[in-house]
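Hi everyone, thanks for coming. Let me put the structure up, and then we'll walk through two parts of it together.

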Amino acid sequence: MAIHQQGLANNDIDFNETWGVLEKAFLEIHTKNASALSFEELYRNAYKIVLKKKGDELYRRVADFEERWLAENVHKRVVNLLTPPLMMLDSTSGRSLTTTAEKKDSGEKFLRELRGAWEDHQVCMSMLTDVLMYMDRVYCQDSRQPSIFAKSMGLFRDQILRKPARTEMPILLDILTRIILDQIRMDRDGETIQTHLIKANISMLEGLYDSDQEVEDEKLYLTAFETDFLATSADFYRTEGERMLRESDAGTYCTHAKRRIDEEGDRCRSTLSESTAPKIQRVVEDELIRHKMKGLIEMDSGVEYMVDNDKLQELGYVFDLEARVDVKKTELTRAIQKIVMEMGANITNAAVAASATPTALGLTEEQPEHKSKTGTAKVNQVTVAALKWSEDILALKDRFDNIWRQAFQSDQMLQIALNRSMADTINSFSRSSEYISLFIDDNMKKGIRNKTDAEVDSTLEKAIILLRYLQDKDLFETYYKKHLCKRLLLNKSQSISVEKQMISKMKIELGNSFTLKLEAMFKDMTLSEELTNGYKSYVNKLGDADRTRVDLGINVLTSMTWPLEAFRGGAAADEDQGNLQIIFPAQIDRVKTGFTRFYNEKHSGRKLTWQTNMGDADIKATFAKAGKDGKPRTHDINCSTYAMLILLLFNDLPAGASLAFEEIQAATNIPPSDLARNLQSLAVAPKTRFLVKEPMSREINPGDRFSYNENFKSQFVKIKVGVVSAGNKVEGDRERKETEKKNNDSRGYVIEACVVRIMKQRKVLAHTALLNETITQLSAQFKPDVNMIKKKIESLIEREYLERVEEAAVPSYRYLA
């Protein structure tokens, strides 16, 4: 629409007359009768007024017209929809006192009317803006006034929303906010509402500003509605959360909280503003999760119940909820750690209780156990408890690993927490090192029997898992060497290759220094086999064809490598072994002397010490009435070396003669404790009763007499004699104290070596720094005691490896080369 200024320059206009035309047209537009209007003519009239410098008056008249129209027509029409159901409010809560249906219906009518008024106002002002386009472009820009459209939006805000509905009543904006909030509450309670009506009114609030400057952060939606919406939502969810904690179970609570968060996100997209979605979700997370998580976890149906009943899906809900509000998952982590520790403590307490249960005499592993009729081994109850402890700890780890994968999405922080709890559980038990070694020992002897390579590897890996958590790895090494010693010397291991495979895994996990002595034990066994074969060749070359000569199998063991005390029965037995020299029969002594000569010829400067208590023997024994019809029968007997020495005494004994306990001891010099144990096997055990004891009783006492049992009978040709023992495979308190003492002595040497190594490298170091560095370096082997480190430092100073730095500001040490 182009109007040429030159053609109007000399035409005077009457402002009031022209305004009258425009005002009448504006009224027609607002009353929806604009079809007959000529917008070109109306534009020309507005153009004339602005051209004659009357733009300010025109602007004011239009604003006054809109203000009157809104106040006298629109406001009244909207207020008339404020029916009693919307105005009957509780003075304290602000909620309507009428029924939900009445509130819902009245609220929808009000929202519909206000939406219509807003949409009509926008349409009308768009038409007026077209007419007043020249005024906007010239007058408004020159005088820095808001466009007439923006001015009219502000008038709608002031004359409709910010004007009290009636005398002594809230402004309409407050009432609108309350009605929308009431509708949202109905929606939360499950009522169906007209979301499009709320969305239209919310759009109105987003299009209006708190001031005429139209600052983006001052939209009415943000300043008047959103704040109240978030506050009332917080109250709603706070109350709902408290009620849910009282009335529902934890799984239902989690599902409900997740649904509420999703609902609020959907509500913002469909009903309110998407910009509110993160804010309202944060409110829901605060009230239903962050402030309630501790209570949720500690419910009777909480995390502990979920773990006990394998409710993995519900545990996943708890994880998802807390992950929303706390990246560290503090409450869940604390609860899971507590559960792991409690379950681990129960496993440990059960093992301790089983270990404290009195048990009958059992068979040691030095010899194969006697079997019952069902073929079940009489395994010591304490040992069973030790093995069960390891298996239960592994089952506990497997259980929580499964929970970690399926419910906790393999979260790294929870994995660290679980590992810490498992380590604390294992290391809180003083016998964990011994029990883990026994677990490996049992699997090496029979656990891997008939298993595939994959199953064997899985078993070894389980042992490494336990070892990985263990703190006192040096104490474990002590026990492992004892158990490995017995397996190798007594041929109890199912597979030497698996044994070496286990050593390789330990080397990878713990380092080369940990396995040096273990590898040396296997080397000794290989060299011993070569020595045995060499001795047999040596004997054959001598031309000795004596068929009665005893064959000898030798294991030559490096004394500093092998824990030979594993075959002894404690301090008393050690003392006996040191003081007594075993007396051998002539035919045995001849072989012993021959091998000593052979060995000394090959290795000069070495000393052989014969460990009789660690050997075994295969002998042939003929019993006069053992066969059918009372005929003699020969049996092949496998027994300990001590048992062989005892039986050989009865070879030359006249028929009917007997030997007293003291006489046997004097003839053999076998330590009394070992002698009693072997006599129990030979004279008390029913299946190997080669001797007759008088008086017959379970215990062996001084003065007891023993004679050859010519009536012995057995259906087996080959018979193995087990050695009866009063001890357990698990160490007793006395033995454990001895082991710990030796281990502490070894730790002292390790600490000294570590301190010297550090000081040699650093030359001068502060006391605190030296302590910390020593603890750090040794933590992979064991947890060093600070007092022990201090004592060793003092010892090194006394022996002039270190000296104090007198002039240092803090206590320090200097290395002396």
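A word on classes first: Ala, Val, Leu, Ile, Met, Phe, Trp, Tyr, Cys and Pro count as nonpolar, Asp, Glu, Lys and Arg as charged, and the others, Gly among them, as polar. What you see is a predicted model, where local features need pLDDT of at least 70 and side-chain atom pairs pLDDT 80 or more, while totals for chains, interfaces and linings use all residues. Residues are numbered from 1 along each chain as its sequence is written, and side-chain values use heavy atoms, without hydrogens and water.

Now, the second largest cavity. A cavity is a set of points on a 1 Å grid over the protein atoms alone where a 1.4 Å probe fits but cannot get out, and lining residues have an atom within 4 Å of a point. Its lining has five nonpolar, two polar and four charged residues; among them are P146, K151, R157, Y209 and E214.

On to a sheet. Strands are DSSP runs of E, at least two residues, and helices are runs of H or I, at least four, numbered from the N terminus; two strands pair if DSSP finds at least two bridges between them. Here three strands form an open antiparallel sheet, ordered β4-β6-β5. β4 (658–660) and β5 (691–694) are the edges, each with a single partner strand, so one side of each has no neighbour in the sheet.

How many bridges join β5 and β6? Four, with β6 spanning residues 705–708. For instance, K693 has F706 in β6 as its bridge partner.

How values were computed. On a 1 Å grid over the protein atoms alone, a cavity is a set of points where a 1.4 Å probe fits but cannot get out, and a pocket is an open set with protein on both sides within 12 Å along at least five of seven lines; lining residues have an atom within 4 Å of a point.
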